[in-house]
Amino acid sequence: MGDYILSCCSTADLSKEDFENRDIHYISNSYEIDGIRYIDDLGESVTYPEFYQAIREGAITKTSHIDKEEYVEYFEGFLQEGKDILHITLSSGLSNTVSYANEARKELDAKYPDRTIYIVDSMAASSGYGLIMETLADKRDQGASLKELYRWIIENRMNMNHILFSTDISTYLRGGKLSKRSTILSNMMDYCQLLYMNYLGELVAKGRVRGKKNAYNAIVNKAVEVAGVDYDGKVFISNSDCLEDAKNVASMLKERLPKINGDISIKNIGNTIGSHSGPGTVAIYLWGATRVS
């Protein structure tokens, strides 16, 4: 649509249908299961249930960043078509992919001086990142220019809230996403770890509660707090192979925020992000209070 394209990477955790229907382009990350490399093709090669079951059975998962050369090849196809680019990256608090995207931009700026490439650090991940892309697509479809979208996301990205719990933080711990000191008790005595995305785009432990019902209440209460009871925007909820938990949270949140725009959309945590979250995570994403800590 228009003379520019919206772009992100597969860690926005939208479905293939979402990407196609909203005309959002993406570049795929890659991940490994016990040393075997896979392209993140949105659950086609390795389905989400298969992936999370492998982790439950002890598989070791790793991820690789998208390098400069991959970005150059990806971006150049659009530039050759005469398109400008707004590319939003996975949070720099979780990955250094934004630096490689910027290196590619610098190389291509010299080769295509009449084209524009904007690179923006989303400061978000998974379906929070996906909801950012969905919102940008809405604004594009309403007639926003490339520069208007660039300015808007720079000004508003810190208002995308990530509120989540996990019933099993062993994968977070193994991948270094959380400290052992802050999470050592979470897998004991039916504890659920509460987490959020901070102002640096990092995933941070925020206490723990006993039992999933208390975890549901904790993240729903926090979502209402940051968004306000009159919230009328969109809400995404993601899950890592715990769909019933996600449905329960969605039902509770719909009761508390009756003015939500449309249905709450329940997404899968994809295999790249899932390599670090493991199974048992439910997350709420919505616009609201600015992250300041």
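This report describes pockets, strands and salt bridges in one predicted model.

## Basis of the values

The model is predicted, and local features need pLDDT of at least 70, side-chain atom pairs count only at pLDDT 80 or more, and totals for chains, interfaces and linings use all residues. Residues are numbered from 1 along each chain as its sequence is written, and side-chain values use heavy atoms, with hydrogens and water left out.

Helices (H or I, at least four residues) and strands (E, at least two) are DSSP runs, numbered from the N terminus.

## The largest pocket

Rolling a probe the size of a water molecule over the atoms shows where empty space is left. The search uses a 1 Å grid over the protein atoms alone; a pocket is an open set of points where a 1.4 Å probe fits, with protein on both sides within 12 Å along at least five of seven lines. Lining residues have an atom within 4 Å of a point. Grid points are joined across faces, edges and corners, and a volume is the space filled by probe spheres set on the points.

The largest pocket has a volume of about 400 Å³. Its lining consists of 27 residues, and Leu90, Leu94, Ala125, Ile273 and His276 lie nearest the centre. Two or more lining residues come from each of strand 5 (61–64), strand 8 (160–166), helix 11 (271–277) and strand 13 (281–287). Helix 11 gives the largest share, four residues. By class, the lining has twelve nonpolar, 14 polar and one charged residues. In this scheme Ala, Val, Leu, Ile, Met, Phe, Trp, Tyr, Cys and Pro count as nonpolar, Asp, Glu, Lys and Arg as charged, and the others, Gly among them, as polar.

## The second largest pocket

The second largest pocket has a volume of about 340 Å³. It is lined by 19 residues, of which Asn161, Tyr196, Lys206, Lys222 and Val226 are the closest to its centre. At least two lining residues come from each of strand 8, strand 9 (191–197) and helix 9 (212–227). Helix 9 gives the most, with five residues. The lining holds eleven nonpolar, four polar and four charged residues.

## Strand 8 and its neighbours

Strand 8 gives residues to the lining of the largest pocket and to that of the second largest pocket. Seven of the seven residues of strand 8 are buried (under 20% relative accessible area, with a 1.4 Å probe and protein chains only), so the strand is largely enclosed by the rest of the structure.

Strands of a sheet pair through backbone hydrogen bonds, either parallel or antiparallel. Two strands count as paired if DSSP finds at least two bridges between them. Strand 8 pairs with strand 13 in the antiparallel sense over seven bridges, and Asn161 has Leu286 in strand 13 as its bridge partner. Strand 8 also pairs with strand 9, again in the antiparallel sense, over four bridges. There, Leu164 has Leu195 as its bridge partner.

An open sheet has three strands in the order 4-3-5, with antiparallel pairing. Strand 4 (36–39) and strand 5 are the edge strands, and each pairs on one side only. On average, neighbouring strands of this sheet are turned by 30° against each other, direction ignored. Strand 3 (residues 30–33) is joined to strand 4 by four bridges, and Ile33 stands opposite Ile36 in strand 4.

## Salt bridges

Side chains of opposite charge can pair when their charged atoms come close. A salt bridge is a side-chain nitrogen of Lys or Arg within 4 Å of a carboxyl oxygen of Asp or Glu. The whole structure has 17 salt bridges. In one of them, Arg105 pairs with Asp109, and the closest N and O atoms are 3.0 Å apart. Both residues lie in helix 4 (residues 97–111), four residues apart, about one turn of the helix.

Lys234 forms a salt bridge with Asp138, with the closest N and O atoms 2.9 Å apart. Lys234 lies in the loop between helix 9 and strand 11 (235–239) and Asp138 in helix 5 (residues 126–141), so the pair ties together parts that are 96 residues apart in sequence. Asp230 forms a salt bridge with Lys259, the closest N and O atoms being 3.1 Å apart. Asp230 is exposed, with a relative accessible area of 52%, and Lys259 is partly exposed, at 48%. Salt bridges that share partners join Arg22, Glu134, Asp138, Arg140, Asp141 and Lys234 into one network.

How values were computed:
Axes are lines fitted to C-alpha atoms, for helices over the stretch in contact, and angles run from 0 to 180 degrees between N-to-C directions. Buried means under 20% relative accessible area, exposed over 50%, partly exposed in between (1.4 Å probe, protein chains only).
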